[in-house]
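I opened a notebook for this structure and wrote down each thing as I looked it up. The entries follow in the order in which I made them.

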Amino acid sequence: MLERISGSLLDPDALYASNIELFHSPALRGLNLVMGFTGFADAGHVVKQINAELLDTLDAETVAVFDADQLIDYRSRRPHISFVEDHVQDYQAPKLALYKLKDGLGNAFLLLAGFEPDLQWERFARAVVGIVEKLDVNLVTWIHSIPMPVPHTRPVGVTVHGNRPELIEGISVWKPTVDVPAAVGHILELRLVDAGRNVAGYVIHVPHYLAEAEYPTAAVAGLEFLGAATSLMLPTDRLREAGREVARQIAEQVEASDDVRQVVARLEERYDEKADGTVRRSLLADENDELPNGDELGAAVEAYLARENPGL
């Protein structure tokens with residue numbers, strides 16, 4: 001009789017091809033890993049925006065690429081292609097890859113970004129845990145977003161989970177006990193905890209009436225939470241600018257409709273009632289709940305400016 005097993009019998013390492021020289025470089029050891037998967041519960045397109053901002057703004061080196069043909073159901077999530085008069089071009093092949101990037105201060109980190117696998121979750125989880133162990137990743141953080149009955153006029157909320165109490169306590173604004181549809185990030189978190197690795201997940205709360213559109217303000221909040229957890233200076237300038245334009249458009253729509261104003265007002269009232277007396281820990285606070293002093297902040301800013309403006 002066969003012993004009952006959990007997960008795939010197939011070799012997890014065969015799910016990806018790595019840049020061998022980079023993968024075995026000592027420079028990749030002990031870094032932090034950020035993960036973002038598109039295709040599930042991406043309210044406000046938060047993960048999509050974060051992945052794009054990191055890959056478009058920061059220099060990226062590809063460490064490994066996962067085999068999409070083994071992981072995605074093309075008929076349920078068809079890729080796009082352009083038809084131009086009499087031919088097709090610009091096929092947008094799905095991609096899931098591991099990258100090495102550097103933040104605004106030159107600190108290296110890893111990013112696992114792309115589509116959420118449709119298939120072989122356990123095998124994929126074994127592959128990612130194996131990579132984390134081979135590279136001795138310091139901390140794994142991952143992010144997704146959900147629609148919530150909250151107003152856009154209040155700070156973006158978050159629910160944090162994982163096995164790092166210093167990254168969780170005093171941050172979450174909503175701590176439910178509820179059954180939810182699982183995402184591959186949840187499975188990865190379980191398997192990483194089982195493997196004794198450090199992991200923290202961030203669920204960004206997006207106003208439900210903005211969930212179908214790009215909401216840059218929520219993406220900025222997500223980058224701030226990830227940056228605070230990993231001690232990285234992640235880029236937000238372009239998203240902040242886009243967020244200001246979106247906020248202007250929302251304000252115009254609210255002003256033009258009495259019904260919308262009443263809905264937002266009710267959400268504000270409920271939010272304020274729940275938030276009354278709740279103290280949230282600052283993102284700048286360290287594990288001892290202490291804020292950095294002026295010298296520490298000044299040194300970080302000077303280093304950032306020196307990097308961005310080397311001629312000054």
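**Entry: a salt bridge to begin with**

With which residue does Arg154 form a salt bridge? I looked it up and found Asp272, with the closest N and O atoms 2.9 Å apart. I note here that the model is a predicted one. Arg154 has 25% relative accessibility, so I filed Arg154 as partly exposed. Asp272 is partly exposed as well, at 35%.

**Entry: other salt bridges**

How many salt bridges does a search of the whole structure find? The search returns 14. I wrote down a few of them.

- Glu245 and Arg248 meet through their side chains at 2.4 Å, N to O. Both lie in helix α8, residues 237-255, and they are three residues apart, about one turn of the helix. Glu245 is partly exposed at 33%, and Arg248 is partly exposed at 39%.
- Glu166 forms a salt bridge with Arg164, and their closest N and O atoms are 2.3 Å apart. Glu166 has a relative accessible area of 26%, which makes Glu166 partly exposed.
- Glu122, Arg191 and Asp194 are joined in a network of salt bridges.

I went back to helix α9, which covers residues 258-275 and contains Arg266. Is Arg266 buried or partly exposed? Arg266 has 47% relative accessibility, so Arg266 counts as partly exposed. I also took a C-alpha to C-alpha distance from Arg266 to Val150: they are 9.5 Å apart in space and 116 residues apart in sequence.

Arg123 is in helix α4, residues 121-134. Arg123 is buried and has no salt bridge. Which side chain of opposite charge is nearest to Arg123? I found Asp11, at 6.2 Å. The backbone of Asp11 is another matter: the side chain of Arg123 reaches its backbone oxygen at 2.8 Å.

**Entry: aromatic rings**

I counted five aromatic pairs. One of them is Tyr202 with Phe225, whose ring centres are 6.0 Å apart. Why is this pair called stacked? The ring planes stand at 25 degrees, and planes under 30 degrees apart count as stacked. The pair links distant parts of the chain: Tyr202 is in strand β10, residues 199-207, and Phe225 is in helix α7, residues 216-230, 23 residues apart. Tyr202 has 2% relative accessibility, so Tyr202 is buried. Phe225 is buried too, at 5%.

I also noted one aromatic cluster, formed by Tyr16, Phe23, Phe37, Phe66 and Phe124.

**Entry: helix α7**

The 15 residues of α7 should span 21 Å at 1.5 Å a residue, and the end C-alpha atoms are 21 Å apart, so the two values agree. How many of the 15 residues of α7 are buried? I got twelve, so the helix is largely enclosed by the rest of the structure. Among the buried residues are Pro216, Ala218, Leu223, Leu226 and Thr230. Just after α7, Ser231 takes a positive phi of about 60 degrees.

**Entry: strand β8 and its neighbours**

I turned to strand β8, residues 140-148. It is mostly covered, with eight of its nine residues buried. Which strand pairs with β8 over four bridges? That is β2, residues 33-38, and the pairing is parallel. In this pairing I found Val34 opposite Thr141 in β8. β8 also pairs with β10 in the parallel sense, over nine bridges. Here Pro147 stands opposite Val206 in β10.

**Entry: helix α2**

My last look was at helix α2, residues 46-57. It has twelve residues and reaches 16 Å from its first C-alpha to its last, close to the 16 Å expected at 1.5 Å a residue. Which residues of α2 are buried? I listed Val46, Val47, Gln49, Ile50, Asn51, Glu53 and Leu54.

Methods
Residues numbered from 1 in each chain as written. Predicted model: local features only at pLDDT ≥ 70, side-chain atom pairs only at ≥ 80, totals over all residues. Heavy atoms only, no water. Helix = DSSP H or I, 4+ residues; strand = E, 2+ residues; numbered from the N terminus. Buried < 20%, exposed > 50% of the residue type's maximum accessible area, 1.4 Å probe, protein only. Lys, Arg positive; Asp, Glu negative; His and termini not counted. Salt bridge = Lys/Arg side-chain N within 4 Å of Asp/Glu carboxyl O. Polar contact = N/O pair within 3.5 Å; in protein donor to acceptor, adjacent residues only side chain to side chain. Phe/Tyr/Trp six-rings, centres within 6.5 Å; stacked < 30°, edge-to-face > 60°. Expected span 1.5 Å × (residues − 1). Pairing = 2+ DSSP bridges.
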